[in-house]
There are 2 protein chains.
Amino acid sequence: MNALVIDIGGTNTRVALASGPAIVPGSVRRYRNAEHAGLDAVLARYLSDAGTPPIQSACAALAGPVRDGRGRLTNLDWTIDEADIARVTGARRVRLINDLQAQGYALDHLSPGALIPVLHGPQVRGGARLVIGIGTGFNAAAVHAGPTGTLVTAAEAGHSTLPVSDEAGLSLARFAAGADGFAAVEDILSGRGLEHAFGWITSQAGSPRTMAAHSIVERAATDPDAAQALRLFADMLGVVAGDLALNHLPFGGLFLTGGVARAVTPYLDAPGFAASFRAKGRFAPLMAEFAVHTVTDDFAALTGCAGYLAGQG
Amino acid sequence: MNALVIDIGGTNTRVALASGPAIVPGSVRRYRNAEHAGLDAVLARYLSDAGTPPIQSACAALAGPVRDGRGRLTNLDWTIDEADIARVTGARRVRLINDLQAQGYALDHLSPGALIPVLHGPQVRGGARLVIGIGTGFNAAAVHAGPTGTLVTAAEAGHSTLPVSDEAGLSLARFAAGADGFAAVEDILSGRGLEHAFGWITSQAGSPRTMAAHSIVERAATDPDAAQALRLFADMLGVVAGDLALNHLPFGGLFLTGGVARAVTPYLDAPGFAASFRAKGRFAPLMAEFAVHTVTDDFAALTGCAGYLAGQG
């Protein structure tokens, strides 16, 4: 029984075949969204390359809000519809979920080696868990052990207010804000956001520069501004992840995922991240109870789609 | 079969008898915490006044974090333990839950007249709902329809970072912050927080005054500073409730509850609340999809405790 699993990110779409909750080895392919007219074209190409296998069910994870089996890719003009996926693939059963929800459904199926510890803490088995995704955008999904199964909640956490606590933060928020003047979490905590942090730091120093996110990460050892941008990013991630922890009480742990989260993980060891994560006034002691990890498995959303389809029976 | 239901707030504790998911009419009593040594004393007095009825089960809702059947009242030095409640009441089955979780379990048992509409929006049956409690403190609880029942999540949302987006907000946050310099949501959005807002407004105007929260509400028609404090409170509530909506996507509606929420509800009609609730940049259109209500039933937490015990079977 073949299932098709699809991870539609802001930049790339990944497609694979799944058998039960497991990805079929060697079946993962990645496509650049910008090179395709829409998801239909991506799926047609995948199935053609794979020798048009019969597909019984399909699950797609989308980087954007999903309602009633439909959604739009927030960062690109693609509309995704369960009915379209059924038509192109021939699948009888199709489910469209948010990509962070897929990351949540993956947690129980990750290999132990797929996690890097960031902050230690007592991890309560059966406690709520929180996945925080940082890539093209930012989002979070809480994973709750319900009476008969796992419940993963949807959110648009990256579009909530960027936290500010001093004049420097206000200046940063204004630098990163969109044309409407609203500075969201995602305006710093994303690939684009890291570029904002770098642009702000160099502007403050009187010699404004721009640098692509991947270059900021690559040049941090030799470019002090790049290193400072990463420290600023780590501090802001600490504040935001701490606020999210207070909103979801993930005593089962926090799990950072996505390309940007993986890239910045070496910078979360420095004291900035832990200090800003825990700086919640008289609730600071509670913050020491939350463990934080980074998920290194780049295909976790596909695993989550497979797990979701298998779990639905 | 008698159940005892208990709502331990920051200022008062309410106790009642329940039969199934319903409160026994006339059985509700309210006690000021400050006049009692602890919950044991309150319960002993209630049971004695009620003629020592046999109690089979009990559920207590606590204004503070609950773990492993124990919790501490955040705003008073009371430790609450399921085992103590069992000992004092003789109940065989005792459950301690967070008070906002209790409000969540009450939603399905409220009479239609118990809700005041604040913001209209399409309310999706089966969609997630969000209860926001504002009284001595601030907290939120998401209500999800799980595979076999209602799941209400716990949080300490009032201790997350107070949102700031301009110099005035920064000044307000510094005025309201604790000795550690951290300004939390609860430092404005609570009874004490409304007093901070009033103190800041009068300080800004050059004639600092203090006024108790209930007086600010009572004198708003005649005292311009009091009216301005309520407008500031409504604006901040809009920002925070909007951020919480992005974090929980409550397409089934938001429900404001607690004494302070009820007191400020007349001021949520003014444009400030709706405008700040919806001012989320390019996500503003999504914000129009969330309906907001105020729960007028002051005993909803007790109803939630009864519903929780009945739902557990």
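Analyst: Partly exposed means a relative accessible area between 20% (under it, buried) and 50% (over it, exposed), with a 1.4 Å probe and protein chains only. The model is predicted: local features need pLDDT of at least 70, and side-chain atom pairs count only at pLDDT 80 or more, while totals for chains, interfaces and linings use all residues. Residues are numbered from 1 along each chain as written, chains are lettered from A in written order, and side-chain values use heavy atoms, without hydrogens or water.

User: Why is B:Asp298 called partly exposed?

Analyst: Its relative accessibility is 28%, so B:Asp298 falls in the middle class. B:Arg262, at 22%, counts as partly exposed too.

User: What makes B:Asp298 and B:Arg262 a salt bridge?

Analyst: The N to O separation is 2.5 Å. The criterion is a side-chain nitrogen of Lys or Arg within 4 Å of a carboxyl oxygen of Asp or Glu, so the pair qualifies. B:Asp298 sits in the loop between β15 and α11, B:Arg262 in helix α8, 36 residues apart.

User: What makes A:Lys280 and A:Asp243 a salt bridge?

Analyst: Their side chains meet at 2.7 Å, N to O. A:Lys280 lies in the loop between α9 and α10, A:Asp243 in helix α7, 37 residues apart. Both residues are buried.

User: Why is B:Arg129 called buried?

Analyst: Its relative accessible area is 18%, so B:Arg129 is under the cut-off.

User: How many salt bridges are found over all chains?

Analyst: The search of the whole structure finds 33.

Note on methods. Helix = DSSP H or I, 4+ residues; strand = E, 2+ residues; numbered from the N terminus.
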